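Colleague: Please put the model up, and then I will go through a few points with you.

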Amino acid sequence: MKVNLDRYLLNVEKPAQYLGNEINSIHKDNAEVRMCLFFPDIYEVGMSNLGIRILYSLLNRVEGFSLERGFAPMEDMEKIMKENNIPMFSLESKTPLKEFDVVGFSLSYEMSYPNVLNALDLAGIPIRSEDRTEEHPLIMAGGTCMMNPVPMEKFLDYIVIGDGEEVMVDIAKALIENKDKTKLEKLAIIGEFDGVYVPSIHKNKKRIKRAIVQDLNTTQYYEDQIVPYINIVHDRATVEIQRGCSRGCRFCQAGIVYRPVRERSLEKNIELVEKMIKKTGYGEVSLASLSSSDYSQIDELIKGVKEIPRHKNLGVSLPSLRMNTHSVEVATDISGGKRTGFTFAPEAGSQRLRDVINKGVTEQDVLETAEAAVRGGWESLKFYFMIGLPFETDEDVADIFHLAKKVVDLCRPINKRLNVTVSVSNFVPKPHTPFQWAEQIGFEEMKRKHALLRELFNKQKNCYVKIHDMKKSYLEGFISRGDEKTGNLIEAAWKNGAKLDDYKDNFNIWKNSMAEVGIGEDEYLKARDLTKDLPWDIVDVSVDKEFLKRELAKAEKASLTPECRTACSGCGMKKRFPNCLVISKK
């Protein structure tokens with residue numbers, strides 16, 4: 001059965017997001033095993049996700065395997081679907097999700113979890129794995145959020161943890177080879193792969209090693225990226241030039257769980273960019289990684305891309321730059337004369353707190369980089385900070401303002417049109433980081449610190465503060481370090497109407513659901529005992545827990561740990577990859 005949307009498309013916002021058939025989309029008939037990879041958010045957000053692009057390209061190259069996409073409908077389309085009994089469908093063939101062999105969800109932020117349950121319900125698929133039968137698809141999930149799979153495990157048949165390129169291809173081949181077996185038999189087979197967690201088999205019995213791609217140079221290219229009909233959040237070609245980060249910021253989950261640093265070679269990066277631009281026609285490419293300016297041949301890479309004759313007018317963006325004057329030089333090289341805005345991420349206002357989080361950035365670095373940017377022609381500077389970090393004082397919070405004021409005082413005489421924007425988020429402790437045991441500040445403390453900042457910034461001209469939504473940060477804290485009981489909260493919140501939390505305020509629904517399932521702030525936002533097991537200990541990210549404890553102790557002393565490219569800090573990765581730093585220098 002295929003869903004026919006023709007009569008409804010003119011009645012919804014952005015109908016093109018439901019069309020499919022974009023440039024480089026793939027349609028495979030008569031595949032032996034069919035999977036829908038569903039991003040539990042709207043199209044323009046999901047199509048900006050690099051993981052979706054990579055897996056779509058790679059899995060559709062597996063003979064006998066078909067991968068289609070799915071995205072959460074906007075509210076107007078969902079209303080039409082419910083009124084006309086239209087089941088949740090895939091984008092390519094408009095096939096109901098219930099008819100696929102596998103439905104997979106890409107989970108990169110916790111507040112999308114209710115959207116997973118909503119998609120299953122719209123598809124007529126029971127949300128809990130225990131209620132599904134052989135007639136239903138296997139339901140899986142992957143993505144960074146699955147470094148703590150426990151809150152979602154009751155809804156999923158299997159979970160892929162870590163790098164997906166290789167293990168997902170292995171799973172696809174195994175499902176084809178065993179297509180006539182029962183679901184339990186299939187789960188037993190794929191459950192033997194590194195990075196695959198099958199709750200019904202592994203719960204309380206086995207730690208799951210995350211899947212790790214050892215060498216990006218051996219992975220297949222994904223140059224045939226889809227070109228959407230409509231603008232998406234990041235509407236450009238994207239090449240991941242390296243994976244992992246060597247800096248060791250103590251708040252950063254990605255910096256831990258994507259170790260070690262693995263660079264794609266200069267030649268292969270240039271080749272991939274060239275092929276991608278040829279196949280997509282994009283006029284801009286993003287050279288992406290957690291810390292793009294740390295790529296060992298970043299200058300040569302930018303020069304190599306720009307020297308390709310057909311790339312004369314190609315825009316190049318680097319989403320993450322270090323705070324130093326070299327970053328300004330790099331930004332100048334790629335800007336092509338455009339000076340839209342320069343972004344910095346000091347994360348903390350005071351030097352003491354930057355040392356607590358192991359940021360490795362001094363006030364002088366910040367001021368010198370800002371001055372170089374303004375002298376280079378940038379008239380808009382944006383700074384990212386956090387409040388609520390471990391061992392933070394009110395003086396540290398006030399120093400966010402004081403540092404921003406120093407930037408204004410230094411740089412406004414150079415350019416009177418300079419504007420400085422300070423963006424402040426609320427820190428949420430994440431699993432597998434040195435701060436996984438830390439207390440998360442509650443709602444009232446967030447409000448107090450926000451008021452402190454606003455009072456300071458109200459006195460400063462040409463410098464504006466934007467503070468992230470307290471409610472989402474508060475809720476994220478319950479989910480990111482959650483357990484089985486958190487799964488009950490997610491289910492209750494969805495049943496009570498929570499979905500698409502990025503687009504509407506469902507805070508009261510979540511609070512009422514907390515009371516319904518018996519979850520309290522003291523239980524989930526409090527500091528954790530260093531001697532007790534944690535829900536996410538079931539995942540082995542190859543970084544020792546003892547290393548994380550040492551880093552927490554160093555944080556309390558505001559003591560720095562050198563970055564991995566400078567000296568090995570003994571995180572434990574070498575037990576799995578003895579030459580992990582060699583991998584980063586290929």
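Colleague: Where is aspartate 101 placed?

Modeller: This is a predicted model, in which local features need pLDDT of at least 70, side-chain atom pairs count only at pLDDT 80 or more, and totals for chains, interfaces and linings use all residues. Residues are numbered from 1 along each chain as its sequence is written, and side-chain values use heavy atoms, with hydrogens and water left out. Helices (H or I, at least four residues) and strands (E, at least two) are DSSP runs, numbered from the N terminus. Aspartate 101 lies in the loop between helix H3 (75-83) and strand S3 (102-106).

Colleague: Is aspartate 101 buried, partly exposed or exposed?

Modeller: Buried means under 20% relative accessible area, exposed over 50%, and partly exposed in between (1.4 Å probe, protein chains only). Aspartate 101 has a relative accessible area of 35%, so the class is partly exposed.

Colleague: Which backbone nitrogen does the side chain of aspartate 101 reach?

Modeller: Aspartate 101 touches Glu32, Val33, Arg34, Pro137 and Leu138, not counting residues up to four places away in sequence; contact means heavy atoms within 4.5 Å. At 2.7 Å, the side chain reaches the backbone nitrogen of arginine 34.

Colleague: Which residues touch the most other members of the largest nonpolar core?

Modeller: A nonpolar core is a set of buried Ala, Val, Leu, Ile, Met, Phe, Trp, Tyr and Cys residues joined through side-chain atoms within 4.5 Å. The largest one has 130 residues, and the two that touch the most other members are Phe105 and Leu381.

Colleague: Which helix gives the largest share of this core?

Modeller: Leucine 381 has contacts that include Phe342, Phe344, Val407 and Leu418. In the largest core of 130 residues, the largest share is nine residues, and they come from helix H14 (residues 394-411).

Colleague: At what angle do H16 and H18 pack?

Modeller: Axes are lines fitted to C-alpha atoms, for helices over the stretch in contact, and angles run from 0 to 180 degrees between N-to-C directions. In H16, Lys471, Tyr474, Leu475, Phe478 and Ile479 meet Phe507, Trp510, Lys511 and Met514 of H18. The axes of H16 (residues 470-480) and H18 (residues 507-517) are 11 Å apart, and the angle is about 35°.

Colleague: What is the handedness of the crossing of H9 and H10?

Modeller: The axes of H9 (residues 266-280) and H10 (residues 298-306) come within 10 Å and cross at roughly 35°. A crossing is left-handed if the near helix is turned anticlockwise from the far one by less than a right angle, and right-handed if clockwise. H9 passes H10 in a crossing that is right-handed.

Methods
A polar contact is a pair of N or O atoms within 3.5 Å; within protein, one must be able to donate a hydrogen and the other to accept it, and residues adjacent in sequence count only if both atoms are side-chain atoms.
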